[in-house]
Amino acid sequence: MGTVDMKDLVAFCKRKGFVFLSSDIYGGLNGFFDYGPLGVELKRNIKTAWWKAMVHEREDIVGLDSSIILHPNVWKSSGHVDGFSDPMVDCRVTKVRYRADHVFYSPVSIQHEVLGYVCVVDSGARDAEALKKAQHLRQQVNRSHETLDPLQLRPLTEATMEEYNLIPSPATDKPGDLTPPRAFNLMFSTHVGAVATDANIAYLRPETAQGIFIHFKNVVDATRVKLPFGIAQIGKAFRNEITPRNFIFRSREFEQMEIEYFFRNDETLWPDLYQQWIKVRYDWHCSIGIKEALLDFQEHAKEDLAHYAKACTDIVFKYPFGVQELEGIAVRGDFDLKQHQMHSGVSMEFFDEAHQARYVPYVIEPSVGVDRIFLALLVSAYDEDEINGEKRVVLHFQPAIAPIKIAVFPLVKNKAAIVDKARALFKYLQKRWYTIYDESGAIGRRYRRMDEVGTPWCVTVDFDSLENDTYTLRDRDSTEQVRLNQTELLAFFAQHLA
Ligand code: ATP
């Protein structure tokens with residue numbers, strides 16, 4: 001079983017046409033990525049799987065597609081204009097900018113005597129790097145023979161002012177080189193209309209959720225839904241991240257899939273619904289092929305929750321750079337609807353016939369990024385193995401997720417009858433499933449190319465096919481080949497590709 005390192009994965013994604021650096025020929029634009037011919041298919045399949053499971057296969061969720069630029073008052077009411085910010089610090093010497101909660105520091109001590117501080121950027125190698133720096137500090141003060149107390153890494157945001165002056169910059173390792181943290185609003189702003197003034201400022205949405213809340217009333221009136229029910233949306237979101245990093249994991253333009261699931265404002269109801277949603281979303285990630293061994297949960301501590309939130313759990317994934325949030329499931333109470341009710345003057349109350357009561361419902365929000373799922377799927381599917389003594393890279397994508405479902409090959413390209421038969425089969429399959437036709441190179445190399453991009457099946461048309469109308473069907477994972485006639489072949493695909 002192969003594990004993948006990020007540098008190799010980024011190179012692989014470019015080489016195979018999954019992900020390119022945005023504006024590549026101009027040197028790229030930090031925090032922006034483009035999806036190539038295979039990436040766009042994979043992304044669409046993720047979104048389709050989510051929409052199918054969360055909207056079409058449920059009776060209690062409907063869809064929405066709101067605009068990216070909303071009335072600026074939406075973001076004032078939601079609290080984003082005043083509060084959607086991250087703490088930022090700069091290294092005065094190197095000019096490198098950090099998100100303060102992504103930088104960790106620890107006192108370095110021997111038997112509680114503090115020798116100084118170490119400071120590192122969060123990563124999978126964070127602890128090892130901090131220890132190395134601590135050992136270096138110990139050496140500088142000539143105490144190498146003594147045992148260090150265990151390090152206690154904490155985010156920079158928890159440092160006291162006193163400590164702050166003693167903490168070195170992670171870039172220079174010198175105390176005093178970091179600026180104090182300051183709030184940086186993550187929303188991209190623009191102007192609507194011909195003249196740019198403060199009066200026509202607008203924002204690119206930093207989440208799709210607010211577009212759902214502001215249409216709560218419209219959806220209720222248009223669909224006659226009954227509580228509990230949800231509204232789902234997939235769409236682009238933009239955040240001017242201070243330090244976009246880890247490839248598509250943290251970018252400045254990304255895609256979200258969010259559900260606002262509304263229910264009666266009864267305190268006894270949310271704990272069960274919350275647990276149900278955590279399970280529904282966890283099971284869904286497993287169902288599309290994210291490796292369960294790499295998934296986990298992290299419940300937020302009560303003291304870390306926003307004032308209006310009742311509970312929040314992250315579904316986390318073990319990425320090559322560390323365990324990080326894949327999806328958040330938050331119980332948000334009635335805060336959002338009440339804010340919009342107060343600022344817009346439009347009632348967000350729901351008339352609950354069953355309970356003969358009128359109230360603003362509570363909401364649970366499962367919110368996930370398509371790009372983070374994309375990366376988790378690649379990490380889960382990536383493998384290197386050996387077939388008959390030959391090394392191969394293979395992506396074990398599930399058929400529903402695989403960018404290409406079937407590849408059709410003529411065994412040779414210089415026999416017109418074989419080529420014609422292969423083209424005819426390809427044209428037929430292409431109408432039902434995303435199929436490609438490939439006649440270049442030795443057949444073994446064509447199989448490898450398809451393994452590398454996760455195509456579950458290849459069909460080869462050979463001399464026997466001309467005789468008896470049978471084809472070779474090759475399975476990506478087992479590499480086994482079976483001979484099927486056309487009816488059997490189509491029945492096989494119909495069964496395995498919904
Ligand atoms: P983080 O703590 O990692 O910055 P967050 O808690 O701010 O994430 P949310 O606001 O809860 O994230 O957004 C919901 C989901 O949107 C996240 O779980 C993640 O999958 C996705 N997401 C958020 N920010 C980004 C980003 N910059 N790039 C890609 N996906 C993102």
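In this predicted model, strands β13, β16 and β19 and helix α11 each supply at least two residues of the shell around the ligand. The largest contribution comes from β16, which gives 4 residues. The shell has 16 residues, and those that come nearest to the ligand are Phe254, Gly328, Ser367, Gly369 and Arg372.

**The strands beside the ligand**

Strand β13, residues 253-263, pairs with β19 in the antiparallel sense. Strand β16, residues 322-333, also runs antiparallel to β19. The table sets out the two pairings.

| Strand pair | Sense | Bridges |
|---|---|---|
| β13 (residues 253-263) and β19 | antiparallel | 6 bridges |
| β16 (residues 322-333) and β19 | antiparallel | 6 bridges |

Individual residues mark these pairings. Valine 363 in β19 has phenylalanine 262 standing opposite, while glutamate 365 in β19 has alanine 330 standing opposite.

**Helix α11**

Is helix α11 mostly covered or exposed? The helix is mostly covered, since 11 of its 12 residues are buried. Among the buried residues of α11 are Asp371, Arg372, Phe374, Leu375 and Ser380. Of these, Arg372 is also one of the residues that come nearest to the ligand.

The length of the helix can be checked by simple reasoning. The expected span is 1.5 Å times one less than the number of residues. For the 12 residues of α11 this gives 16 Å, and because the end C-alpha atoms are 16 Å apart, the model agrees with the expectation.

**The nonpolar cores**

The largest nonpolar core has 87 residues, and Ile373, Phe374, Leu375, Leu377, Val408 and Val459 are those with the most contacts inside it. Which element gives the largest share of this core? That element is helix α11, residues 370-381, with 8 residues. The core draws at least three residues from each of domain 1 and domain 3. Leucine 375 illustrates the contacts: leaving aside neighbours within four places in sequence, this residue is in contact with Phe247, Ile248, Phe249 and Tyr319.

**Domains and overall form**

The domain assignment divides the protein into domain 1 (46-73 + 188-379), domain 2 (85-184) and domain 3 (404-496). Between the C-alpha centres of domain 1 and domain 3 the distance is 42 Å.

The protein as a whole contains 15 helices and 26 strands. Along the principal axes, its C-alpha atoms fill a box of roughly 85 × 75 × 50 Å. Of its 498 residues, 34% count as buried. Among contacts with a separation of 6 or more, 63% are between residues 24 or more positions apart.

**A loop residue**

Valine 412 lies in the loop between β22 (406-410) and α12 (416-430). Why does valine 412 count as partly exposed? A residue is buried if 20 or more other C-beta atoms lie within 10 Å of its own, and exposed if 12 or fewer do. Valine 412 has 14 other C-beta atoms within 10 Å and is therefore partly exposed. In sequence, valine 412 and valine 461 are 49 residues apart, yet their C-alpha atoms are 8.7 Å apart in space.

Terms used. Residues are numbered from 1 along each chain as its sequence is written. This is a predicted model: local features need pLDDT of at least 70, side-chain atom pairs count only at pLDDT 80 or more; totals for chains, interfaces and linings use all residues. A nonpolar core is a set of buried Ala, Val, Leu, Ile, Met, Phe, Trp, Tyr and Cys residues joined through C-beta atoms within 7 Å. Domain bounds come from an automatic or database domain assignment. Two residues are in contact if their C-beta atoms, placed from the backbone, lie within 7 Å. Two strands pair if DSSP finds at least two bridges between them. A residue is near a molecule or strand if its C-beta atom, placed from the backbone, lies within 6 Å of it.
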